[in-house]
Amino acid sequence: MNQKFAIFSILIATFAITLNDAIVKLLSTDFPLHQIIFIRSVIALSITLLLFVPFEGGLEKLKTKRIFFHVVRGLAIVGANATFFAGLAVLPISTAVAVFFIAPVLITAFSAILLKEQVNIYRWLALIVGFSGVFLIVRPGTGHFEWTYILPLLAAVFYAIMNTLTRSVGITESASALSAYVQFSFLVMSIGLGLVLGGGQYYEPGHPSIEFFTRSWIVPPNGITFFYLGLGGICSAAAGFFIAQAYRYGDAGLVTPFEYTALLMAVFWGFVFWHEIPDLISGLGMGLILSSGVAVLFLETKPDSRITIKRWLKARIPF
């Protein structure tokens, strides 16, 4: 039951995350990133406190003895968002999401190395196939590659750290607490950046990623942009809550392949909002990433597939 609930949670979180990504990209040409995050986090924190916290038992669930854990986790997710959205201002949404999908490989590796979770060899092989798909999309060493790809790669590292930390505390922290402290981290970060950069005195035109950080605040937002900001806040609240549930109740090696559905969603949003269509090589890379996720799911249903690397080597090396 816990595994099924974890899968349901990660699918809801993935939908909310990719829709939020599309909204941020839509607003990136006019608004500064810190203003978007500020408004989004105010709405998301309100939803978390008014809806998710009562659902899990009230304000008592926000009490914690792991303040340092929440601070580090908050910094990790803030770093992931800042670097990913800076890249998203330049890259097509499907490309940025695809590059970001080094994260599930890192989560699996971190879970095996740091948390001592057993990850069978078939999961490793499937995730390597998916990682090869990421290389087809990025194409390092060719004229297709640009430095902006580094930003979603950095985001993937921050994201993997965040989810490995989430997994490390198991069910000792509630999902509403995990979500609330993340939104509070966003709020503090956006206020700090707004005070320093919100007047536009450091505005640097020329590169969309830099402009996204240094642009001055727009007060007040007009009707349609306020709608998008509100929807982004709802998506952020839902994503924070459900992704915490997924990694609290599900094995990281099983949950992370379901995040690959974000690729399909990103392609969909890219076509709907910007008429973006990935080229043939990028499409092949996405296919490899998706097929690796399907392979993991198929192998998880077979009882005899749970072979760890240590057992696999022992069965094949006679000494």
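Modeller: Start with a cut-off. A residue is buried under 20% relative accessible area and exposed over 50%, with partly exposed in between. One more caution: this is a predicted model.

Colleague: Where does tryptophan 147 lie, and is tryptophan 147 buried, exposed or partly exposed?

Modeller: Tryptophan 147 sits in the loop between α6 (121-138) and α7 (150-168). Its relative accessibility is 45%, so it counts as partly exposed. Tryptophan 147 also belongs to a nonpolar patch on the surface, together with Ile150, Leu154, Val157, Phe158 and Ile161. The patch has about 480 Å² of accessible area.

Colleague: And the interior? Which residues of the largest nonpolar core touch the most other members?

Modeller: The general idea comes before the case. In soluble globular proteins, nonpolar side chains tend to be buried together. Here the largest nonpolar core holds 75 residues, and Phe84, Val97 and Tyr159 touch the most other members. Helix α10 (residues 223-249) gives the most to this core, with 11 residues. Another core lies apart from it, with 6 residues, including Val53, Ala177, Ala180 and Leu187.

Colleague: What does phenylalanine 84 touch, if residues up to four places away in sequence are not counted?

Modeller: Its partners are Asp21, Ala96, Val97, Phe100, Leu151, Pro152 and Ala155.

Colleague: Now aromatic pairs. What describes a pair of aromatic rings?

Modeller: Two values: the distance of the centres and the angle of the planes. This model has 15 aromatic pairs. Take phenylalanine 5 and tyrosine 249: they are 5.9 Å centre to centre, with 80 degrees between the planes. Planes over 60 degrees apart count as edge-to-face, so this pair is edge-to-face. It links distant parts of the chain, with phenylalanine 5 in helix α1 (residues 2-27) and tyrosine 249 in helix α10, 244 residues apart. Phenylalanine 5 is partly exposed at 31%. Tyrosine 249 is partly exposed too, at 27%.

Colleague: What is the geometry of the pair formed by phenylalanine 241 and phenylalanine 242?

Modeller: Edge-to-face, at 5.2 Å centre to centre and 90 degrees between the planes. Phenylalanine 241 has 4% relative accessibility, so it counts as buried. Phenylalanine 242 is buried as well, at 16%. Ring pairs can also join into a cluster: Phe15, Phe268, Trp269, Phe273 and Trp274 are linked this way.

Colleague: How many salt bridges does the structure hold?

Modeller: There are 2. In one of them, arginine 139 pairs with aspartate 279, and the closest N and O atoms are 3.1 Å apart. That pair spans 140 residues, from the loop between α6 and α7 to the loop between α12 and α13 (280-300). Arginine 139 has a relative accessible area of 17%, so it is buried. Aspartate 279 is partly exposed, at 35%. In a salt bridge of 3.7 Å, N to O, glutamate 211 meets arginine 215. Both of these residues are buried.

Colleague: Last one, valine 267. Which helix holds valine 267, and what is valine 267 in contact with beyond four places in sequence?

Modeller: Valine 267 is in helix α12 (residues 261-274). Leaving its sequence neighbours within four places aside, it contacts Ser94, Pro278 and Met286. With 25% relative accessibility, valine 267 counts as partly exposed.

Note on methods. Residues are numbered from 1 along each chain as its sequence is written. This is a predicted model: local features need pLDDT of at least 70, side-chain atom pairs count only at pLDDT 80 or more; totals for chains, interfaces and linings use all residues. Side-chain values use heavy atoms; hydrogens and water are left out. A nonpolar core is a set of buried Ala, Val, Leu, Ile, Met, Phe, Trp, Tyr and Cys residues joined through side-chain atoms within 4.5 Å. Buried means under 20% relative accessible area, exposed over 50%, partly exposed in between (1.4 Å probe, protein chains only). Helices (H or I, at least four residues) and strands (E, at least two) are DSSP runs, numbered from the N terminus. Contact means heavy atoms within 4.5 Å. Patches are made of residues with over 30% relative accessible area and no salt bridge: like charges are joined within 9 Å, nonpolar side chains (Val, Leu, Ile, Met, Phe, Trp, Tyr) within 5 Å. Accessible areas come from the Shrake-Rupley method with a 1.4 Å probe; for residues, only the protein chains shown count as cover. A salt bridge is a side-chain nitrogen of Lys or Arg within 4 Å of a carboxyl oxygen of Asp or Glu. Rings of Phe, Tyr and Trp (its six-membered ring) pair if their centres lie within 6.5 Å; planes under 30 degrees apart count as stacked, over 60 as edge-to-face and the rest as tilted.
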